[in-house]
Amino acid sequence: MEKENSVPELDEIVELSYLYDFYGNLLKEKHRIIFEDYVLNNLSLAEIAREYNITRQGVYDVVRRCRIRLKEYEEKLQLVRKFQETKIRLQQIEKIAEESADQQIAHAIARLAEEIYEMI
């Protein structure tokens, strides 16, 4: 599980970052810290193992369990999917507002979309 700089790995890091943003507080504190160090802070298994005086295998197991748990939360709650779909809809609304001939309505729509962005 040592890190490589491949596109699939980067895609997974982005996915795990989103999942962590939504569900990270549901993880045990020690697991959360180790997961943050590995995924968000880009530390190696060996670096984390030294920091917390555990084995590399122990770090790997924590990261793997966190990954599984975060994906399970998303499977059940779908918060990340709903968030991403909301962003897409807001982008569509903004595009429609930009194309509107009525500048006053376009400005009002854009302002509402911006307020929704801030809420999510």
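## How α2 and α4 pack

In this predicted model, helices α2 and α4 pack at an angle of about 95°, their axes being 9 Å apart. (Helices here are DSSP runs of H or I with at least four residues, strands are E runs of at least two, and numbering starts at the N terminus; axes are lines fitted to C-alpha atoms, for helices over the stretch in contact, with angles from 0 to 180 degrees between N-to-C directions.) That angle makes α2 roughly perpendicular to α4. For the angle words, under 35 degrees is roughly parallel, over 145 roughly antiparallel, 65 to 115 roughly perpendicular, and the rest oblique. On the α2 side the contact is made by H31, I34, F35 and Y38, and on the α4 side by V59, V62, V63, R65, C66, R67 and L70. Contact means heavy atoms within 4.5 Å.

H31 is worth a look of its own. This residue sits in helix α2 and counts as buried, at 19% relative accessibility. (Buried is under 20% relative accessible area, exposed is over 50%, and partly exposed is in between, with a 1.4 Å probe and protein chains only.) Leaving aside residues up to four places away in sequence, H31 touches V62, R65 and C66.

## Some ground rules

Residue numbers run from 1 along each chain as its sequence is written, and side-chain values use heavy atoms, with hydrogens and water left out. Since the model is predicted, local features need pLDDT of at least 70 and side-chain atom pairs count only at pLDDT 80 or more, while totals for chains, interfaces and linings use all residues.

## α3 against α4

Helix α4 (residues 56–77) also meets helix α3 (residues 45–52): the two axes come within 8 Å and cross at roughly 105°. So α3, too, is roughly perpendicular to α4. From α3, the contact draws on L45, A46, I48 and A49; from α4, it draws on R56, V59 and Y60. V59 also turns up in the contact with α2.

## Two asparagines with positive phi

Most residues other than glycine have a negative phi. N42 has a phi near 60° and lies in the loop between α2 (29–40) and α3. N53 has a phi near 55°, and its place is the loop between α3 and α4. N53 is exposed, with a relative accessible area of 72%.

## Salt bridges

How many salt bridges does a search of the whole structure find? The count is four, where a salt bridge is a side-chain nitrogen of Lys or Arg within 4 Å of a carboxyl oxygen of Asp or Glu. One of them joins E12 and R67, with the closest N and O atoms 2.6 Å apart. E12 belongs to helix α1 (residues 7–23) and R67 to helix α4, so this pair ties together parts 55 residues apart in sequence. E12 is partly exposed, at 26% relative accessible area, whereas R67 is buried, at 18%. R67 is also among the α4 residues in contact with α2.

E12 has another partner: its side chain meets that of K71 in a salt bridge (3.9 Å, N to O). This one also links distant parts of the chain, with E12 in α1 and K71 in α4, 59 residues apart. K71 counts as partly exposed, at 32% relative accessibility. Elsewhere, E99 and K95 meet in a salt bridge at 3.4 Å, N to O. These two are four residues apart in helix α5 (residues 79–99), so about one helical turn separates them. E99 is exposed, with a relative accessible area of 57%. Through salt bridges that share partners, E12, R67 and K71 join into one network.

## A nonpolar patch

F22, L77 and L79 make a nonpolar surface patch of about 240 Å². Patch members have over 30% relative accessible area and no salt bridge, with like charges joined within 9 Å and nonpolar side chains (Val, Leu, Ile, Met, Phe, Trp, Tyr) within 5 Å. Accessible areas come from the Shrake-Rupley method with a 1.4 Å probe, and for residues only the protein chains shown count as cover. L77 is part of helix α4 and counts as partly exposed, at 42% relative accessibility.

## Out to α6

A110 is found in helix α6 (residues 103–119) and counts as partly exposed, at 30% relative accessibility. From A110 to I13 there are 97 residues in sequence and 31 Å in space, C-alpha to C-alpha.
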